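Please look over the charged side chains and the backbone of the model shown here. The briefing that follows is arranged by topic, for reading beside the sequence and the structure.

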Amino acid sequence: MQKSDALDVERIREDFPILQREFDGQQVVYLDNAATTQTPKQVVEAISEYYYEYNANVHRGIHQLSQEASIAYEEAHDTVADFVGADGREEMVFTKNTTEAENLVAYSWGLNELGPEDEIVLTEMEHHASLVTWQQVGKKTGAEVKYIPITEDGYLDMEAAAELITDDTEMVSAVHVSNSLGTVNPISELADIAHDHDALIFGDGAQAVPNRPVDVKDLDVDFYAFSGHKMAGPTGIGGLYGKEEILEDMEPYLYGGDMIRKVTYEESTWNDLPWKFEAGTPSIAQGIAFAEAVEYLEDIGMENVQRHEERLAGYALEQLSELGDIDIYGPMNHRDRGGLVAFNLEGVHAHDLASIMNDSAVAIRAGDHCTQPLHDKLGVAASARASFYIYNTTEEIDKLVEAIDDARELFA
Ligand SMILES: Cc1ncc(COP(=O)(O)O)c(C=O)c1O
């Protein structure tokens with residue numbers, strides 16, 4: 001285990017007991033972090049502490065347990081809001097995940113604001129969470145969906161973006177860090193172009209918030225979404241940032257308890273932000289543990305996380321390129337990437353490759369990574385993807401490369 005330039009990986013690994021698991025005597029090499037990251041003890045303990053010590057429903061209780069749960073759950077919004085530079089809990093809605101955040105805005109804003117004269121601009125590297133959602137909004141409202149193309153080397157074509165985004169554009173939805181190409185997209189530049197045309201911009205931060213400092217005010221996005229389970233937190237919780245004045249104007253997405261202020265048999269009025277968008281009993285333990293994950297990452301320092309991920313991505317690009325018969329997707333400069341590399345070994349289906357890797361206890365992902373149209377464009381049905389996090393090491397990337405070598409021999 002090496003000490004990274006940026007962070008003490010050996011120390012960090014002690015917080016993740018799952019990394020000690022062995023399969024057939026081989027210690028697991030977990031390189032599927034873009035799908036979901038592992039959870040440190042501190043976050044698991046925050047969940048058990050909630051259930052052991054102050055499990056109760058939030059907002060509505062007078063009793064002590066409910067008060068404690070309410071304070072912890074509400075303050076978790078402040079912690080997560082602060083982590084991404086939002087102004088406060090009013091701008092941080094807890095959702096189930098990034099997908100639900102996209103749908104919330106699509107239903108609540110998109111279906112109410114868009115019509116046949118309008119255009120929605122996406123990128124060709126959108127995750128299905130954004131692509132399918134806005135595509136359906138387009139179908140329901142008559143708004144046309146357009147795509148910013150990608151260049152040969154996996155960057156967004158910003159000249160095309162400047163032409164595609166026009167006064168007819170009402171929404172630009174763009175992935176910040178691509179989960180397939182790894183590309184870090186210039187979200188603030190896109191925000192400038194969108195705002196020049198009075199359009200809104202939604203940033204998909206599912207792969208960005210876990211691995212680099214993100215400030216939604218610097219990016220000047222109108223909405224921005226991310227998932228707890230991709231950043232050392234639990235499943236079932238995610239964050240939707242929205243500018244307060246825009247969220248204020250939006251209709252609720254789900255109706256029911258907790259999101260109301262006053263209800264009569266005829267009429268209802270809505271609660272304050274962010275509760276207006278959190279109908280019913282929320283994911284209380286997960287919300288509290290989400291804040292714990294954020295504090296865990298803050299202790300490490302997001303600049304350090306970014307440096308570590310770039311370093312691992314650079315090492316993986318170098319080692320994989322040396323193999324020769326590997327097609328790598330996305331930018332070859334690791335500084336333009338998040339900590340992931342998607343690739344194909346020539347002549348071997350990605351699923352077979354992942355399965356052989358599994359025999360060596362190396363966990364990678366194979367498939368289209370919820371970017372089917374992008375894979376169509378790349379001319380492949382699937383790719384293998386290795387993705388890194390704070391506990392991964394260059395030695396583990398060596399194991400990945402060795403396992404690819406084994407696969408190559410098997411298929412020779
Ligand atoms: C870029 C991107 N956007 C959105 C999502 C969807 O995240 P979730 O499944 O947590 O909703 C993912 C998950 O892989 C992703 O990588």
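## Charges, contacts and backbone

Asp204 is buried (under 20% relative accessible area, where over 50% is exposed and anything in between is partly exposed, with a 1.4 Å probe and protein chains only), yet Asp204 has no salt bridge, and the nearest side chain of opposite charge, that of Lys230, is 8.5 Å away. A salt bridge here is a side-chain nitrogen of Lys or Arg within 4 Å of a carboxyl oxygen of Asp or Glu, and for charge Lys and Arg count as positive and Asp and Glu as negative, while His and the chain ends are not counted. This is a predicted model, in which local features need pLDDT of at least 70 and side-chain atom pairs count only at pLDDT 80 or more, whereas totals for chains, interfaces and linings use all residues. Residues are numbered from 1 along each chain as its sequence is written, and side-chain values use heavy atoms, with hydrogens and water left out.

- Asp204 lies in strand S8 (residues 200-204), where helices (H or I, at least four residues) and strands (E, at least two) are DSSP runs numbered from the N terminus.
- The side chain of Asp204 reaches the backbone nitrogen of Ala206 at 3.0 Å.
- Glu126 is likewise buried without a salt bridge, and the nearest side chain of opposite charge, Lys377, is 13 Å away; Glu126 is placed in the loop between strand S5 (119-123) and helix H5 (128-141).
- The side chains of Glu126 and Thr123 are joined by a polar contact of 2.6 Å, a term that covers a pair of N or O atoms within 3.5 Å, where within protein one must be able to donate a hydrogen and the other to accept it, and residues adjacent in sequence count only if both atoms are side-chain atoms.
- The backbone nitrogen of Val175 is also reached by the side chain of Glu126, at 2.8 Å.

**Salt bridges**

- Side chains of opposite charge can pair when their charged atoms come close.
- By the rule given above, the count comes to 16 salt bridges.
- Glu74 and Arg89 meet through their side chains in a salt bridge (3.5 Å, N to O). Glu74 lies in helix H3 (residues 64-83) and Arg89 in the loop between H3 and strand S4 (92-95), so the pair ties together parts that are 15 residues apart in sequence.
- Arg89 is partly exposed, with a relative accessible area of 21%.
- Asp325 and Arg408 form a salt bridge between their side chains (2.8 Å, N to O). This pair links distant parts of the chain, 83 residues apart, with Asp325 in the loop between helix H11 (302-323) and strand S13 (326-329) and Arg408 in helix H14 (residues 394-411).
- Asp325 counts as partly exposed at 21% relative accessibility, and Arg408 is partly exposed as well, with a relative accessible area of 24%.
- Arg408 also forms a salt bridge with Asp405, in which the closest N and O atoms are 2.4 Å apart. Because Arg408 and Asp405 are three residues apart in helix H14, about one helical turn separates them.
- Asp405 counts as partly exposed, at 30% relative accessibility.

- The peptide bond from Leu273 to Pro274 is cis, with omega near 0 degrees, and Pro274 is placed in the loop between strand S12 (268-270) and helix H10 (284-300).
- Asp24 is not a glycine, yet has a positive phi of about 50 degrees; Asp24 is placed in the loop between strand S1 (22-23) and strand S2 (26-27), and counts as exposed at 77% relative accessibility.
- Ala361, although not a glycine, has a positive phi of about 65 degrees; Ala361 lies in the loop between helix H12 (350-359) and strand S15 (362-363), and counts as buried at 3% relative accessibility.
- Val9, which is found in helix H1 (residues 9-13), counts as buried at 0% relative accessibility. The C-alpha atoms of Val9 and Ile390 are separated by 6.8 Å, although these residues are 381 residues apart along the chain.
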